[in-house]
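Reader: I am new to this structure. Please walk me through a few of its residues.

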Amino acid sequence: MLQQKWTPQRIWLLVGYAAAAAALFSAPMFASDFRLNLLAKFLAFAIVALGLDLIWGYTGILSLGHGIFFGLGAYAMGMYLKLEASGGKPPDFMGWSGLRELPLFWKPFENFGFAVAMGILIPSVLALVLGYVTFRNRIKGVYFTILTQALVIITTTLLVGQQAYTGGTNGITGYSTILGASLGSADTKRVLYWITAAVLIAVFILCRYIVGSRFGKVLRAIRDGENRVRFIGYNPAIYQMVIFTISAGIAGIAGMLFILHVGIISPSMLGIVPSIEMVLWVAIGGRGTLIGAALGAIVMNWAKSEFSTAYPEGWLFFMGGLFVIVVVFMPKGISGLISQIKFRNKRKEKEHEGVRNPAV
């Protein structure tokens, strides 16, 4: 039994994961402050891509509204950071709108622990409610996707319209410290980067555990044949609700980490376009692979940053061309291409063996 578990492939896989983790944690020693901040932002995107891959790659549920869960987590952390920066007084945008006292629902966000809990809980509860309404009524496919886009429009409209409470179009910005530590300090940035890298690894391990468990096997069965799963006695709606809730919570965590590196959250950052971009990261990296989803988020955002810097007027054409190339020539994404290369190598090895040892 032990021999079956520790196969050469598994050992090399673990070595690869260890090398990737070591590279992530050693990045502050080689990268400039600017590059490190960019990488930290990309790692936050990788976290939300992992959560999206759970529901799309493994369960077959396409959500084009994951930017909402990401943004709600960011807003929760942003409220805490803004209150710490203002010393517990009403933020500046409230004064501009005529508010003289801090609203009651803002006051608990003075506590860091409460803000973190809400950054996970609010997206999770919203996803649970949406999942209960949709999956229980067997709303799926394109209809579910349209509903998630409608949720994006509703949420962004509310955030823009309630300027006195949310900062409106400008969002929430103007942070200076977190738990008393300066956000502008190089030491603080390094610590926040390491925290983001550690959370990414922890979320990856959690996702690997989920997809490798019996629960994960049921998710894949639902993806491949929902009616068959129902006929053998399982209730797909329960599994879909649970995984959708977990995915939203992971997106909320990513949003909280994102705002620590970027310093602003606004309605434009959780609209339809960012939600579609998240789906593209997973598709390009390779859905249903986890490592592909994370890699896709990091690679695509890195490419976006490099192209926009080198070609400020034509970078969108480069990105569009990159998307077309991946879709046409790598339909299974980056990770799928690696799998295809391995398969071809194995097939060549078998052919060579056949030539050396022909059947008598």
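Author: One definition comes before the rest: buried means under 20% relative accessible area, exposed over 50%, and partly exposed in between, with a 1.4 Å probe and protein chains only. The model is predicted: local features need pLDDT of at least 70, side-chain atom pairs count only at pLDDT 80 or more, and totals for chains, interfaces and linings use all residues. Residues are numbered from 1 along each chain as its sequence is written, and side-chain values use heavy atoms, with hydrogens and water left out.

Reader: Does L200 count as buried or exposed?
Author: The relative accessibility of L200 is 7%. Buried means under 20%. So L200 counts as buried.

Reader: Which helix holds L200, and which residues is L200 in contact with, leaving aside its neighbours within four places in sequence?
Author: Helices are DSSP runs of H or I with at least four residues, numbered from the N terminus. L200 sits in helix α9, residues 186-212. Contact means heavy atoms within 4.5 Å. With neighbours within four places in sequence set aside, L200 touches L24, L43, A46, I47 and L50.

Reader: Is I11 buried or partly exposed?
Author: I11 belongs to helix α2, residues 8-26. Its relative accessible area is 39%. That value makes I11 partly exposed.

Reader: How many aromatic pairs are there?
Author: Rings of Phe, Tyr and Trp (its six-membered ring) pair if their centres lie within 6.5 Å; planes under 30 degrees apart count as stacked, over 60 as edge-to-face and the rest as tilted. By this rule the count is 15 aromatic pairs.

Reader: What kind of pair do F144 and F244 make?
Author: The ring centres of F144 and F244 are 5.5 Å apart. Their planes stand at 75 degrees, so the pair is edge-to-face.

Reader: How many residues apart in sequence are the parts that F144 and F244 tie together?
Author: Both F144 and F244 are buried. F144 lies in helix α7 (residues 142-161) and F244 in helix α11 (residues 236-262). So the pair ties together parts whose separation in sequence is 100 residues.

Reader: Which residues form one aromatic cluster?
Author: The cluster is made of aromatic residues. Its members are F45, F70, F258 and W281.

Reader: What is the relative accessibility of S275?
Author: S275 is in helix α12, residues 272-285. Among its contacts beyond four places in sequence are H66, V152 and L270. S275 counts as buried, because its relative accessibility is 1%.

Terms used. Helix = DSSP H or I, 4+ residues; strand = E, 2+ residues; numbered from the N terminus.
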